[in-house]
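Welcome, and thank you for taking a look at this structure with us. Please open the sequence and the 3D view, and keep both at hand as you read.

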Amino acid sequence: MIPAGFEYHRPGDIASAIGILQEHGDEARVIAGGHSLIPMMKLRMAEMGHLVDLQAIDELRGVEIGPETVTLGAMVTQHELITHDGLTAAIPLIREAALQIADPQVRYMGTVGGNVANGDPGNDMPGLMQCLNASFELSGPDGNRSVAARDFYEAAYFTAREDEEILTRISIPVPGAGVGQAYEKQKRKIGDYATAAAAVMVGNGTASVAMTNLADTPVWSESASTALAGGNVDACVTAMLDAIEPVEDNRGPVEFKKHVAAVMLRRAIDRAQSRAG
Amino acid sequence: MSKMHVKLTVNGKQVEGLAEPRTLLIHFLREDLKITGPHIGCETSHCGACTVDIDGKSVKSCTTFVAQVNGADITTVEGLANDDGSLGVLQEMFREHHGLQCGFCTPGMITRAHRLLQENPTPTEEDIRFGMAGNLCRCTGYQNIVKAISASADMLNAQKEAAE
């Protein structure tokens with residue numbers, strides 16, 4: 001399992017990285033932790049002439065905790081998310097979800113930016129970021145822009161990010177005091193993607209509900225969120241089951257996935273409610 | 001594709017070589033440097049037999065390009081022996097508690113357990129099982145691996161106390 005050859009680049013700042021992407025167009029791709037991309041390269045399902053490694057770009061690192069907003073650099077690893085006490089105090093949901101991603105070795109390398117930018121429906125962070133109403137900062141040849149996580153995902157592996165743009169930071173509004181949070185994930189074994197996973201925030205008359213790996217994009221449902229904000233758990237679950245579009249695969253048939261989705265969502269709601277107020 | 005100049009510190013020694021950027025770290029270690037402790041198991045980032053320690057992180061070297069770690073400080077299972085060549089604490093405890101049968105997964109197990117104990121010197125059984133979740137063993141059923149790591153923690157802590 002040897003990948004096809006490529007030229008390796010390790011730029012030191014965002015502008016240089018974008019320059020390389022512009023110069024080589026379709027032939028170039030960025031690599032963060034590489035634990036999604038390298039397996040695909042080994043299978044020769046991904047080939048590129050130029051690999052642009054983002055590890056030396058300091059602007060892509062760091063966790064900033066503000067009173068109203070938390071900002072994560074795209075190259076912050078899952079391991080850093082788990083071990084950052086200030087982040088866990090501000091938004092405990094992030095650590096709870098990150099602990100359920102892959103395995104320890106992968107979490108040392110896997111980055112939050114790679115997880116959200118890849119567009120893989122199996123990744124956990126996209127649904128989580130939709131639940132939290134995060135926004136993604138993109139830098140490209142024409143400057144910087146911000147896209148809401150809820151508007152970012154178009155189809156499996158297709159996102160609002162243009163080929164010559166780099167996802168640089170993630171901004172997350174800090175949920176108000178009294179808002180309970182929970183992430184529930186059902187998987188067949190350690191390291192697996194979710195059969196179904198639910199991210200829930202509830203409290204102070206507000207709620208937000210998103211689910212993972214039950215459609216070709218993450219699913220945040222406004223009607224499910226509104227129902228839960230009004231205290232109607234059954235209506236929330238019904239609305240979410242209506243919003244998801246699971247397909248049969250090696251994790252089970254459609255009916256089973258809907259069943260697991262409802263179980264995960266109810267458990268996440270229970271736990272989030274028990275932490276609210 | 002042109003080869004690149006690779007400089008690494010492996011088990012405390014400076015090493016250099018030429019490699020294509022696409023060369024996986026596990027291949028560079030085994031074939032160029034003849035460091036054959038880390039094993040190639042699944043080749044798909046699941047089994048952990050290729051685990052090495054890179055700048056204080058447990059990493060699957062089958063899912064890492066040598067280009068990405070150029071300049072890094074790497075420890076393999078060979079580097080966890082004592083200076084006189086005798087077995088280090090984790091290696092000795094795996095032997096004593098029968099933490100291996102065929103031994104194929106053992107280099108990855110021990111290298112990962114080393115980092116786990118650096119980060120958490122007093123792990124519970126649950127901490128060990130969760131912390132070792134990226135390493136698969138098809139022989140032992142894990143019981144004795146968990147015992148070996150737990151015994152290593154006790155011994156390392158006793159050694160530390162005695163030294164103070």
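What follows is a short tour, from the whole model down to single residues. Please keep in mind that this is a predicted model. Its scores are ipTM 0.97 and pTM 0.97.

**Chain A as a whole**

- Chain A is built from 12 helices and 14 strands.
- Its radius of gyration is 19 Å, close to the 19 Å that the globule rule gives for 277 residues, so chain A is as compact as a globular protein of that length.
- If you boxed in the C-alpha atoms of chain A along the principal axes, the box would be roughly 55 × 45 × 35 Å.
- Of the 277 residues in chain A, 49% are buried.
- Take the contacts in chain A between residues at least 6 apart in sequence: 63% of them join residues at least 24 apart.

**Where the two chains meet**

- Here 21 residues of chain A are in contact with 22 residues of chain B.
- On the chain A side, the elements that give two or more residues are strand 1 (7-9), helix 2 (37-42) and helix 6 (104-109) of chain A.
- Helix 6 of chain A supplies the largest share of that side, with five residues.
- Sorted by class, the side of chain A that touches chain B holds 12 nonpolar, six polar and three charged residues.

**Chain B and its two domains**

- Confidence in chain B averages a pLDDT of 97, and 99% of its residues reach 70 or more.
- Domain 1 of chain B brings 16 residues to the contact, and domain 2 of chain B brings 13 residues.
- On the domain 1 side, strand 3 (residues 51-54) of chain B gives the most, with three residues.
- By class, that side of domain 1 of chain B has six nonpolar, eight polar and two charged residues.

**A closer look at helix 2 of chain B**

- Which residues are buried in helix 2 (residues 89-96) of chain B? They are Leu90(B), Gln91(B), Met93(B) and Phe94(B).
- Seen down the axis of helix 2 of chain B, these buried residues fall within an arc of 165°, so they line one face of the helix.
- As a general point, an α-helix has 3.6 residues a turn, so residues three or four places apart point the same way.
- The buried residues of helix 2 of chain B pack against helix 3 (106-119) and helix 5 (143-163) of chain B.
- After helix 2 of chain B comes His98(B), with a positive phi near 50°.

- Most residues other than glycine have a negative phi. Tyr157(A) is not a glycine, yet its phi is positive, about 65°.
- Look for Tyr157(A) in the loop between strand 8 (153-155) and strand 9 (158-159) of chain A. Is Tyr157(A) buried or exposed? Tyr157(A) is exposed, with 11 other C-beta atoms within 10 Å.
- Ser45(B) also is not a glycine and has a positive phi, of about 60°. Ser45(B) sits in the loop between helix 1 (25-32) and strand 3 of chain B, and counts as buried, with 24 C-beta neighbours inside 10 Å.
- Gly19(A) belongs to helix 1 (residues 14-24) of chain A. Gly19(A) is partly exposed, with 16 other C-beta atoms within 10 Å.
- Gly19(A) and Gly86(A) are 67 residues apart along the chain, and 35 Å separate their C-alpha atoms.

Technical notes: Residues numbered from 1 in each chain as written. Chains lettered and ligands numbered in written order. Predicted model: local features only at pLDDT ≥ 70, side-chain atom pairs only at ≥ 80, totals over all residues. Contact = placed C-beta atoms within 7 Å. Helix = DSSP H or I, 4+ residues; strand = E, 2+ residues; numbered from the N terminus. Nonpolar A, V, L, I, M, F, W, Y, C, P; charged D, E, K, R; others polar. Buried ≥ 20, exposed ≤ 12 C-beta atoms within 10 Å, placed from the backbone. Arc of directions from axis to C-beta. Rg over C-alpha atoms; globule rule 2.2 N^0.38 Å. pLDDT = per-residue confidence, 0-100.
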